[in-house]
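Please read it alongside the sequence and the model.

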Amino acid sequence: MKSLDIHKSEYLKQFKDQTYGRNLFRTQEEERLDAPNEECGIFGLYSDNDLDTFSLSQFGLFALQHRGQEACGISVLKDGKITNMKDEGLVLDVYKEIQEPETFMGNSAIGHTRYTTAGDKKKYNFQPFFAKNEYDQIILSIAHNGNLTNAKELKTELEAEGVVFRATSDSEVILRLIQKNLDLGLRGAIKATMEKIEGAYSVVGMTRNKFFAFRDFNGIRPLVLGAVDEKTYVVASESVALDAVGAQYVRDILPGEIIYTNENEPGKLQSYMVNEGKGKQRICSFEYIYFARPDSTMENINVYEIREKSGEKIWEQAPVEADVVIGVPDSGVPAAIGFSKASGIPFRPVLIKNRYIGRSFIVPTQEMRERVVNLKLNPIISEIKDKRVVIIDDSIVRGTTSKRLVKILKDAGVKEIHFRSVSPPIIAPCYLGIDTPSKDDLISANMTTEELRVYLGVDSLEFLSTESLKEILGSSNHCFGCFTEEYPVGKGEEVELFN
């Protein structure tokens, strides 16, 4: 058997040139229904010199593709002019449609990979958002990851002042507030905006002569800063995007911090803390369990190591006698390796991925949609037939995907199935930038663990405890809202932000 270190190396290496897929058992339909879905990914690049911003922004956004596959877009600053391009589809498909790449080569760029959390799925909601002057020139462009909890109230206020909204996304509220306050200077406009908006937000943006980024006072959504050289800076949702463009990780942008450039000091990045002392670190704990790419580092914590430790910890919580450990690709594999390391039960990469399959097939019947999963992942039956198997998954949301997984294992002749979830039971929706089902559809909010074990048809079922999660993260300074129903900020109105 290969050593666990070799399995780890092979697992991480594949994401350098292939997109990361969290749970490949889920069909595209189930990614909307049976998963806490992606928020969005944001990327920004600034240099005092002209760069190949077309290629670099493409590389950075490709590294963030797992954070949103619905649409992507970029804004590029070249010779004092901002040009915008956004469309439905994956990063490489959208960039393929750009006929003149030189149009998107300048000294600054921002980009966005989209998954809908607020607003509908129309093209006018694709990001980056931009504002124009009376001469039809773009003067401001932003990309936003997160969710505002007071967006509807602020939109009503702005409309009463005569502001016209073009989209149905809470991100446009941020854009219009900055635009409205630009007479205060860029830093003043951002500060005034941050003092009005509530919820979760990491934002990157540009004007015709400045680049900026800022993060909410709780740091709920991630945002990292890197540097290619002393005059070239990169900002992104995850550190893997820095790696993709050859930038070195510098640090995470702090809760309540604005970073920005000043035209009077070209190439120098400024930092300003809004309401210093108000900022608290409450980054989403689910980033480490599920959302982030495993080779990312957030708040100086390596995501892969957390996932491997979660497997070790759930072995401590719920040991079991078994013959083989398997993990659901891609997100369950590190925890399975950790479980194997702690227990001595062999890890086997039994679920084989088809690397050439697209995101989805268009098929008319449920029976055929079920078969798509077997095209994505196929078990090596000889490795698990007549054996006691521990299956490690990242989470259980509605339970439908987990139930199908159990059926596939039973059809393969598995003798016993011991299911382990390396997230605590998800009992509450997220209001801060993650698209989760309603509480009525969250199976752990409506069943006991024993009832769920019976429903899934497994021999044993255990969840990582919230206390164990805090222990492996090293602190309680995270958002655990989906596990505890206690949030770092008020959840706002439980209605659509925009009609």
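**Notes on selected residues**

1. Leaving aside residues up to four places away in sequence, Tyr233 touches Gly44, Leu45, Tyr46, Gly226, Ala227, Gly267, Lys268 and Leu269 (contact means heavy atoms within 4.5 Å). The model is predicted: local features need pLDDT of at least 70, side-chain atom pairs count only at pLDDT 80 or more, and totals for chains, interfaces and linings use all residues. Residues are numbered from 1 along each chain as its sequence is written, and side-chain values use heavy atoms, with hydrogens and water left out.

2. Tyr233 belongs to strand β10 (residues 232-236); strands are DSSP runs (E, at least two residues) and helices likewise (H or I, at least four), numbered from the N terminus. Its relative accessibility is 14%, so Tyr233 counts as buried (under 20% relative accessible area; exposed is over 50%, partly exposed in between; 1.4 Å probe, protein chains only). The side chain of Tyr233 reaches the backbone oxygen of Glu230 at 3.0 Å.

3. UniProt, in an unreviewed entry, places a "binding site" feature at Ser331, Asp393 and Asp394; its positions follow the numbering used here, feature names are shortened, and annotations may be inferred rather than shown by experiment. These residues span 64 residues in sequence, yet no two of their C-alpha atoms are more than 7.4 Å apart, so they gather at one spot.

4. Ser331 sits in the loop between β17 (324-327) and α11 (333-343), and Asp394 in the loop between β20 (388-393) and α14 (400-411). Their side chains make a polar contact (2.5 Å), meaning a pair of N or O atoms within 3.5 Å; within protein, one must be able to donate a hydrogen and the other to accept it, and residues adjacent in sequence count only if both atoms are side-chain atoms.
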